[in-house]
Amino acid sequence: MMVRISAWLTVGMVAAVIAVPAKADIAIGAVVPLSGASATQGEDQRRGIELAVDEINAAGGVLGQPLKVIVEDSGGRPPSALDAAKKLVAVDKVPAVIGEYSSGITLPIGQYLVQEGKLHVNIGSSSNKIRDIGPTAFSVIGLEAVSSKFSAEDVAAQGWKNIVIVGPNNAYGHGMAEGFKTEFEKLGGKVVSTLLYTEGQTSYRRELQQAAQYKPDAFIYSAYGKDGALINREAFELGVNKTPWYAIYFSMCTADSKPEYVVGQYGMDLNYIGPDGKSYEEAYKKKYGADFKTSFSGYGYDAVKIFAAAANKAGSVEPQAVKAALIEVGKDYPGATGTITFDAERQRSYQPYLKLKKTETGMDVR
Amino acid sequence: MSEFALHVATIAALYAMLALSLNLQAGFAGLINFGQIALFGCGTYGAALAFSHALGPLAGFALGLVLVVLVALLFARLGRNLGADYWGIATLSIGEILRTIATNEIDITGGAQGIGGIPALFDTGSPLSGRLILFAVVLAALIATWFAFRRLTQSKFGLSLRLLREEPQLAAAFGYDLDGLRRRIMLAAALPAALSGFLFAHYLTFVGPDQLFASETFVIWTMVVVGGLGSHAGAVIGAIVVQCLFALVPFAKDAFGLPSEFVAAMRLVLIGGGLIGFLLLRPQGLIPERIGGVRG
Amino acid sequence: MIPIIIDIVLRTGDIALAAVALSAGYSLVKFPNIALMQYATVGPFLAYLFASWGAPLVAAALAACIAVGLIAVLLNITVFDRLLKSGSAIAMIGSLAAGMLFTAALLVTAGPDSRHFDFPVEAPLNVFGSPVTGPQLLAVAISLAAFVLLAALLFLTDIGRCMRATATNPDLARATGIDARLVVRVIIFLSGVLAALGGIGIAVKGELNILMGQDLMLPVFAAAILGGLGNPMGAIFGALVIATAETLAATLNFGPLIGKAFLFIPANYITAASFLILVLALLFRPHGLFVNEVKRV
Amino acid sequence: MAETVLDARALRKSFGAHLVLDDVDLAVEAGSIVGLLGPNGSGKSTLLNVLTGFLAADGGQVSLRGSSVGALPPSSIARLGLVRTFQLPRMPSRMSVREVLLAANRAQGGLFDALVGRPTDTARTDDLLEQLKLAPVADQPASAISGGQKKLLSIAAALANRPSVLCLDEPTAGVHPSLREHIVAMLKRANAGGVTLLIVEHDMGFVRNLCRRCVVLDRGKLIADCPPRELTEHPRVVEAYLGRKVARPVVEVPA
């Protein structure tokens, strides 16, 4: 019995491996969460990747060959993400893998890729621990330190002294809250409370009422679309929105909210108005018939584009050559998410953000 | 390719240990544990906490054992005067509470960001040979677990487990201390689960609360049900089958040009469909339990 | 004080219908049906779908509830009845698996994004100095109406008497000529309808997404077990206990007790409150708050 | 006068408003065989359940060889030597007959014994299976044998537990006559070996054959305590069974 099952498994596995079409294309890999709790962000990352591939191939591909990105689902599970990364490296023999979204997954797959001498490009995780992954790891998204400094300065400039931080109880939220607190207290402000909510709840009234009891000068919050919509709605319903709200990544926080609920909110967001940004936004709207779902699609797009540029420059897709070229290309590279410049540890050193305020008639750039 | 196969085999062996452990509880003793992943989590966090306090892997292993003994005793304590289905819900809640603590106690557990950079157990200079040695260790642990569990279940102790599963009232009438039995089974089953977690932490080099979702428990359940409740070989085969199917889904996607969402839904369909299909059509699993196996 | 009471009422409404459905189903078919949580997810999605075809909300909700009720009956006949022969725990695992298949189906057809019913934005009403919105009142009204109808059905009609008789002693009920199979089907249908209605109530106030059933699971189980599984009216009380505990955990300021301005239980532990109550209930009161009997085995 | 081995004092138990045991006193002497009789619903099974710890009494106490066992769980009571069988013995469907009989004797069945690989002693069990004529079905699932065989198996299993007092709940009801002989012989042998027996039974032939003493329960009260042959003359027993006073009672109550 056992022997028979094992035999069939082997046959199945071999068959599946043989069935993978021979690759004439240049292929790189991507691991994103297409199922599980972060599927919305993962899908948006995939869209960005897809748009970049379309655009690159329409313009002649990489090194004269069509580019292909093999997108694998991590399921939000570290073991599955590692399955996917190992499959991309060992079977598809890709020179580079981009992804993931959650820091808890990006770290192990990044470390694995570095061990294998492959390139890793982080497109969604902002934990400062990403910095230590290793010599062939890059980030096209600014890590916490970058965005926290910006938003803390912006908040302090509004004259708010006592603030409450509201964020999701996950790796992103923890990092955001921690980073913001450090930077804000350096500027003399005080974080009176940090409220990390469990994602995906059907109501946040209780959390909002707890936060309101502190009577802060402002709430600093960050939330993914679906949670953000509910939080904004309930803050409006409870009248908690009479205190100023400041959104970290404005579009992500308010994507699904009705404008009435978020009028008067302050915030910061990624700058899409780089040379490449406007056309990217339009391409996205054209292909998917909607505004960005989250702030994350642009990083997927930029990662693929910058890889293609570096490969073309290096004249090869061999990881070490592309790495060297990436460092060269990554000096004032005009990305959809703004100018990309890598620091000495290959992390995005600066990110231009917008300072925003929502008004009755639209969005003001402050 | 061989590298990928090695990875699939390592993960399959780690899950096979979890499946053996769950099978001892559910298959032999009828303890419907929906918090199995918490036992695994004791092992992963044992390794991670030892690392973050600059203690060696040996200390990590010991810490994992201490944690898992506490959790196993708590589970067993809950098992008192609870029906099997109620106990399932109770263990599920404890698993969720422990995951919540792991997520929130940032100062201790690193919170949602977890603890990364845990060193590989065997640093031989080349990552591949390190992974080969780790796989050998995992395999040895799996085989040791298998033999130990087989010895348990083929002995008179195993008979008392099965009596507890089938007719607890009869077991009590025979004078078996049901609470004590539950405690011993939970302890026996918890050790390999924690060992699996410990090795997993050093293999993945990262430990975080996202590894402890209740859905992981259900993956292990599918392995056990597919393989056959009450059969050690079944649990191991079930783990291999499910892990291989998981690993193969992306290839099927490439080969047939299916959209990526397919992979996402497919994983749920494999777990849910595998469970329900086997329960309905082949409840004894691939390798049925042997009745009358205990003799001289 | 008033805002806390309003929060408790709203949260009770979230949990109670599904808990009543779970308990009612358990009274006749003795296993905790985890798939019920997915009925509470499928219901609002169907209602959303029907509404998007142009049906008025009430009609869409009604049709969705009936559809879910029929799905529940169908699943019971084809799957759970057969699994129950191998024991309640096996049936529970089967219901868990069925729930995963629902999630997979929703993932493929509807995707992972959340949606919400389109109500015009209105300033909230003022109820004793606390803001309450129209949809919230609607959701509470739905729950209350459902409870009243269920109680009337159980205690005033023949079919209700048959149900209670069958629940207490199926053999005796059969001997007195009650068609036990029919009674079971009616109750299963009702439990599907109630769960769907509960989900719709939640969706009306906030939003719907494929994870909402999963998040309901432990609070709903806690409520049903506190009320004594199999006792639908007890489940309402259980829901009230859970909602009160969660709300107090979130909003009570313990700071003044120790001479500090503020001390709250961290928000991220609020959801764990119901898990903890569940564990405590199972440890000390496994048969609910109302039953004292201790079984030795 | 032999020593009292099992002593119940003032036992009370009610289910809701229904009083099932009403101040029951029962003392059983070591080495005796006592029949426990009474109409259906008189509380016999409840008394057995309370004595062996499967139900908690509302009042009163039970002592075994002088030490109180009232608060102990059933398994502890069984380990102290007060063992019982069930009226409808349920047998596991995924254990063989031999395995059930093996499991009945707890000796050397611990986790440690298993880990050090102590071999299971099956010789005695196999002998017993031969004696009981269960050898042909020894490897079948225990739930698949006939009702009579299940009773036989459950009694043999209880005896394998080496009890000092064995409580039997209708050991021969619904059992084929040839098996019944077997059971009677086995019980006699056990009693000769020193096991005290407390037997709930309806069959008067069986009771007369085996018991020297009978106690009768009616609606939770102990109404008679006498040798079996006096039962037919006992007015309260007659009333309990027939619901009225009659001149010439017949107490052959079918099972």
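Predicted model: local features only at pLDDT ≥ 70, side-chain atom pairs only at ≥ 80, totals over all residues.

Residues are numbered from 1 along each chain as its sequence is written, chains are lettered from A in the order in which they are written, and side-chain values use heavy atoms, with hydrogens and water left out.

Let me begin with the interface, where 49 residues of chain A are in contact with 45 residues of chain B, contact meaning heavy atoms within 4.5 Å. The area buried between chain A and chain B is about 4100 Å², and carbon and sulfur atoms give 64% of that area; buried area is the accessible area (1.4 Å probe) that two parts lose on being put together, summed over both.

How many salt bridges does the rule find across the interface of chain A and chain B? There are two, where a salt bridge is a side-chain nitrogen of Lys or Arg within 4 Å of a carboxyl oxygen of Asp or Glu. E116(A) forms a salt bridge with R131(B), and their closest N and O atoms are 2.9 Å apart.

Now to the strands, which are DSSP runs of E with at least two residues, numbered from the N terminus, and which pair if DSSP finds at least two bridges between them. In chain A, β10 (residues 266-270) runs antiparallel to β13 (residues 353-358), with five bridges joining them, and L270(A) has Y353(A) as its bridge partner. Three bridges also join β13(A) to β14 (residues 363-365) of chain A, again antiparallel, and K357(A) stands opposite D364(A) there.

Terms used
Helix = DSSP H or I, 4+ residues; strand = E, 2+ residues; numbered from the N terminus.
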